[in-house]
Amino acid sequence: MFVGEVVGNVWGVRRHKSLQRQRLLLVRPIDPETEKPLGEAIMALDGGVDSGPGSIVLVVDEGGSARAILKDKDAPVRTVVCGVVDMASVRGTLRKYA
Amino acid sequence: MRLARVVGRVFCSRQVPAVEGKKLLLIQPLAWEDESPRGDPIVAFDAVGSGSAEKVYWVASREAAVAFPDLPPADAAVVGIVEGHQVKDFRS
């Protein structure tokens, strides 16, 4: 799992049947302390937490867990947003996210 | 899941039986932010009937095999066609 920032979304009608009716978000890993980007954006499914662009989210990055969250054993998915992060205490400092 | 552009197709006359009947696309991985190429073109199974589409998103490793009911020997599979996407920087 990593903490990331929702930086965008993707839309398109033609997609795998397990991805129908799923929101496709672009998430970029960030450093929870400094909120600096730690890598490139990757696409993740919205796991029903209704996170919008700009929010700091928790992203799971493993197939088995993703399929468990989506309750769909043949979903070809590895990254799913599974939470919106309100605050984090990092090495003693408390960080609140808007 | 990462972005890619379909740049071609691959046809094999002799192949492992599990691969028969599947369309093999040649895709060039791209970055989501600026669509700049990332790495070399790779061959991916087509799970969504794209082919002529410009931009697609694809999955790698185990998820590529899971995209098909019969779990073929796939390590990359195209699972959707991108009609549009947007990336905006809110923090910096």
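**Figure 1. Cysteines C82(A) and C12(B) in the predicted model.** In this predicted model, C82(A) has a relative accessibility of 24% and therefore counts as partly exposed. C12(B), with a relative accessible area of 35%, is likewise assigned as partly exposed. A search for disulfides over all chains of the structure returns 0.

**Figure 2. The largest nonpolar core, drawn from chains A and B.** This core comprises 30 residues. The residues with the most contacts inside the core are V10(A), M43(A), L45(A) and V77(A) from chain A, together with M1(B), W32(B) and Y57(B) from chain B. At least two core residues come from each of the following elements: in chain A, β1 (2-11), β2 (24-29), β3 (42-46) and α1 (63-70); in chain B, β2 (24-30), β4 (55-60) and β5 (76-81). Another core, of 12 residues, lies apart from the largest one and includes A4(B), L25(B), I27(B) and V48(B).

**Figure 3. Surroundings of M1(B).** Neighbours within four places in sequence are left aside in this view.

**Figure 4. The largest pocket and its lining.** The space in this pocket amounts to about 170 Å³. Chain A contributes I42(A), D61(A), R78(A) and T79(A) to the lining, while chain B contributes M1(B), R2(B), W58(B), V59(B), A60(B) and E63(B). With 3 residues, β4(B) gives the most to the lining. By residue class, the lining divides into 5 nonpolar, 4 charged and 1 polar.

**Figure 5. Chain B and the order of its elements.** Chain B contains 1 helix and 6 strands, arranged from the N terminus as β-β-β-β-α-β-β. Along the principal axes, the C-alpha atoms of the chain fill a box of roughly 50 × 25 × 20 Å. Of the 92 residues in chain B, 47% are buried. For contacts in this chain between residues at least 6 apart in sequence, 50% join residues at least 24 apart.

Methods: Residues numbered from 1 in each chain as written. Chains lettered and ligands numbered in written order. Predicted model: local features only at pLDDT ≥ 70, side-chain atom pairs only at ≥ 80, totals over all residues. Heavy atoms only, no water. Core = buried A, V, L, I, M, F, W, Y, C linked by side-chain atoms within 4.5 Å. Buried < 20%, exposed > 50% of the residue type's maximum accessible area, 1.4 Å probe, protein only. Helix = DSSP H or I, 4+ residues; strand = E, 2+ residues; numbered from the N terminus. Contact = heavy atoms within 4.5 Å. 1 Å grid on protein atoms, 1.4 Å probe; cavity = no way out; pocket = protein on both sides within 12 Å on 5 of 7 lines; lining within 4 Å. Points joined across faces, edges and corners; volume = space filled by probe spheres on them. Nonpolar A, V, L, I, M, F, W, Y, C, P; charged D, E, K, R; others polar. Disulfide = S-S within 2.5 Å.
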